Amino acid sequence: MKIKKFTAASMQEAALLIRKELGNEAVILNSKKINKRKWFGLLKKPAVEVIAVLDQDFLEKKTAEKAAEPKQTSKSPVSSPKIEEGITPQMPAQSEPGDFSAYQSVLPESLRKAELLLDETGVNESIKTSTMKKILQFSVESGGLTEENVVGKLQDILCEALPPANKWQEPIHSKYIVLFGSTGAGKTTTLAKLAASSLLEKQKKIAFITTDTYRIAAVEQLKTYAELLQAPLEVCYTKEEFQRAKELFAEYDHVFIDTAGRNFREQQYIDELKETIPFESSIQSFLVLSATAKYEDMKQVVRRFSSVPVNQFIFTKIDETASLGSVFSILAESKIGAGFITNGQNVPEDIQTVSPREFVGMLCR
Ligand SMILES: Nc1nc2c(ncn2[C@@H]2O[C@H](COP(=O)(O)OP(=O)(O)O)[C@@H](O)[C@H]2O)c(=O)[nH]1
Ligand SMILES: [Mg+2]
């Protein structure tokens with residue numbers, strides 16, 4: 001994609017210049033009247049400033065679509081204002097396709113607003129570039145975006161980049177619910193929130209199992225929640241003990257399983273998880289990630305857990321971060337939906353489900 005700003009005395013002159021520079025298939029993205037200063041700024045001369053774009057990808061797509069259509073008309077392949085009239089290129093240097101920072105000074109106001117909004121979300125560079133490319137494409141296709149409708153369009157495009165809605169917001173429905181993730185991510189607290197909701201809102205019969213036997217405090221923490229909810233807890237050190245606990249809780253609706261909060265870098269932790277917990281169809285498994293973590297760290301956790309079947313993510317500590325850009329990037333790249341988000345330390349209140357659209361709303365807040 002090539003974008004360029006041209007200034008000329010008239011639209012005719014601008015069109016000639018655009019045609020010479022970009023060819024007949026270039027389309028006008030934006031045009032406005034300006035006053036060009038001459039003679040040390042003393043004289044004002046009316047002129048036009050035109051931003052034109054030549055999108056090879058888009059043209060190829062349109063040409064292919066046209067070729068597939070039954071032959072009726074042989075009109076121009078693009079519907080935006082075409083160059084009919086010519087000029088003095090102000091930015092002769094050409095930029096690499098997709099390098100939007102290079103286009104920044106020539107983008108129309110509405111698209112600059114989109115770029116600013118995207119910057120504020122903190123999404124990673126590749127998502128930013130692909131989103132800008134799509135919004136630019138749409139702008140060319142639809143004959144321009146106003147500053148009013150650019151936000152809606154941006155949110156639509158961001159929404160499309162996320163995993164589909166059916167991968168989000170799944171209620172707790174399986175017999176076994178297991179949470180894993182790195183130390184301090186909020187597994188135990190979130191498990192207590194989920195268990196409490198099942199008991200208090202749905203009157204389910206619930207029990208707990210913990211395999212987090214590395215720290216006394218971890219067991220104590222879950223024991224406190226279990227006592228508060230008057231639910232049984234089994235502490236399992238081995239696979240056999242886990243099996244026994246499962247038999248013990250055969251009559252229960254949901255068994256909430258807490259796992260060791262060891263460093264996610266330790267492959268041993270993942271191997272032990274796989275060995276202890278039978279990942280079968282009656283298990284809902286969640287990878288718990290703190291929204292306050294850095295994008296690269298989250299990505300590493302996701303990669304580490306890729307050998308474990310993860311149904312959904314749970315993002316914790318949403319209340320502790322101003323930017324959801326990293327969370328968005330992880331969701332967009334992994335294609336796994338977010339089952340829940342948590343936004344505080346209160347059990348059971350601070351947990352909720354979220355749809356992709358609501359999440360994008362939170363991202364762009
Ligand atoms: N602000 C905030 N703190 C949270 C949230 N979820 C968990 N925490 C806190 O994070 C800390 C670690 O939580 P914990 O459940 O022990 O993490 P685990 O090591 O993964 O089991 C505790 O102090 C929790 O109260 C949340 O959504 N928001
Ligand atoms: Mg814990």
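Mentor: Let us begin with one contact, in which an N or O atom in the side chain of Q345 lies 2.9 Å from an oxygen atom of ligand 1; this is a polar contact, meaning a pair of N or O atoms within 3.5 Å, where within protein one must be able to donate a hydrogen and the other to accept it, and residues adjacent in sequence count only if both atoms are side-chain atoms. The protein covers 83% of the 580 Å² of accessible area that ligand 1 has on its own, with areas taken from the Shrake-Rupley method with a 1.4 Å probe, and for residues only the protein chains shown count as cover. Please keep in mind that this is a predicted model, in which local features need pLDDT of at least 70 and side-chain atom pairs count only at pLDDT 80 or more, while totals for chains, interfaces and linings use all residues. Residues are numbered from 1 along each chain as its sequence is written, chains are lettered from A and ligands numbered from 1 in the order in which they are written, and side-chain values use heavy atoms, with hydrogens and water left out.

The backbone takes part as well: a backbone N or O atom of G184 is 2.8 Å from an oxygen atom of ligand 1, and a polar backbone atom of K317 lies 3.1 Å from an oxygen atom of the ligand. Around ligand 1 there are 17 residues, the closest being G184, K187, T189, D319 and T342, where a residue counts as near if one of its heavy atoms lies within 4 Å. This shell is made up of one nonpolar, eleven polar and five charged residues; here Ala, Val, Leu, Ile, Met, Phe, Trp, Tyr, Cys and Pro count as nonpolar, Asp, Glu, Lys and Arg as charged, and the others, Gly among them, as polar. Helix α7, residues 187–202, gives the most to the shell, with four residues; helices (H or I, at least four residues) and strands (E, at least two) are DSSP runs, numbered from the N terminus.

Strands β5 (residues 176–181) and β8 (residues 254–258) pair in the parallel sense over four bridges, and V178 stands opposite I257 in β8.

Key:
Two strands pair if DSSP finds at least two bridges between them.
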